[in-house]
Amino acid sequence: MEEASSRRVIPYGFHSISEADCSAVLETLRSSYLTGGSQVAAFEEEFAAFVGAKYAVAVSNGTTALHLAMRVAGIGPGDRVITSPNTFLASANCAAYVGATPDFADIDPGDYTLSPDSLESVYQPDCRAVIPVAHGGQSADMPAIAAFARSHDMLIIEDGCHGPGGGFLHDGSVHLTGGHQWADMTTFSFHPVKSMTTGEGGMIVTNNRSFAEKARLLRNHGMERSKENFTTFGRETDPLFEEGPWVYEMQDLGYNYRITDFQCALGRTQLQRLPEFIRKRREIVARYNEAFADLPWLTTPGLRNEADRDHISWHLYTVQIDFGGLRQSRSSVMNRLREQGVGSQVLYIPIYLQPWYRETYGYGPGKCPNAEAYYQRCLSLPLFPELTEAEQQTVIDTIRQLPESP
């Protein structure tokens, strides 16, 4: 692992790997199974218990989790799926993968998540599902979104890829992302910049047993190996096939979306460390917020509810900067930061402005004004558990010096 003091440029996100993580992976590499062994099931069981869901299905990455969620939900041609434009491409691409039409509701200008009011305004009779996104670790207003969606027979597939370990307060109780009643399925990503990592990896959690069973089938080529679930092979009506341990049935057109055992071994130890990761992220966010509170040209990350401050997992620390007021372009600001050893990132360009979406669906500027206004001002600053106090101070000092002439 790279030592913090040796970083030439502080990245906006970075993984944390401990000796315990390395030992768990190495032990699995020396075992009899690198894939298809016990670590996958153990990780699924532990992750489901952590978030408070009945079932968890581990897959190769967050994008495949979203794709399988579409398949499991039966979404297809003729259906419309609404999501936030303020997210990574996969949150919308998953609908296109199954032949549905991805559509977009605007974000709330305060917390940058999908707006329930905008969802209602863009609803059309062909809408079959909504994908709210836990942007930066902060959940969308899931109770309000679910109230509208379920009254219109829409499924709710929460994109929690930014949100492992995070949650929100509702009616006096904390509800973790993936473990609440306002989503039919929730997907997660374990990419290295996320709150916890398996290198690449993802998860679907749900309380619906049939959804979980369908996801398990589809992640492995649609193959069924349990004789009790066979529909054709091994039966007297099919004398060509004899019973045996090698027999399997392809019951659906699935994919190779499996995750390896050594990735899941890492996931299990990372899950144990997740509460500490989130605690450190919250401490850094609090320090940043205090340091930037008096800057009139910078807006710290917004909250839908102040009471959620200590329940958000804070995958990202995204500020809004009045670049015009600074008389500096965003590119020049990012270059100045980098010259001082501070990395940054822009997250995200509204998805519907991407060329493929414009050409395929006719979308264009003006569709989601709040998302476009946010995009023009947003900048994500370094935030990860092993960000040292000295590095945090470097970020703070460099940001505060931005009004000075370059």
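**Exercises on local geometry and burial**

Histidine 221 has a relative accessible area of 32% and is therefore partly exposed; buried means under 20%, exposed over 50%, and partly exposed in between (1.4 Å probe, protein chains only). The model is predicted: local features need pLDDT of at least 70, side-chain atom pairs count only at pLDDT 80 or more, and totals for chains, interfaces and linings use all residues. Residues are numbered from 1 along each chain as its sequence is written, and side-chain values use heavy atoms, with hydrogens and water left out.

**Exercise 1.** Determine whether tyrosine 112 is buried or exposed, and describe its backbone.

*Solution.* Step one: tyrosine 112 belongs to the loop between β3 (101-104) and α5 (116-122). Step two: its relative accessibility is 4%, so tyrosine 112 counts as buried. Step three: phi is near 75 degrees, a positive value in a non-glycine residue.

**Exercise 2.** Describe the surroundings of glutamine 138.

*Solution.* Step one: glutamine 138 lies in the loop between β4 (127-131) and α6 (142-151). Step two: glutamine 138 counts as buried because its relative accessibility is 4%. Step three: leaving aside residues up to four places away in sequence, glutamine 138 touches (heavy atoms within 4.5 Å) Asp111, Thr113, Val133, Gly302, Leu303, Arg304 and Ile312. Step four: a polar atom of the glutamine 138 side chain lies 3.1 Å from the backbone oxygen of glycine 302.

Notes
Helix = DSSP H or I, 4+ residues; strand = E, 2+ residues; numbered from the N terminus. Polar contact = N/O pair within 3.5 Å; in protein donor to acceptor, adjacent residues only side chain to side chain.
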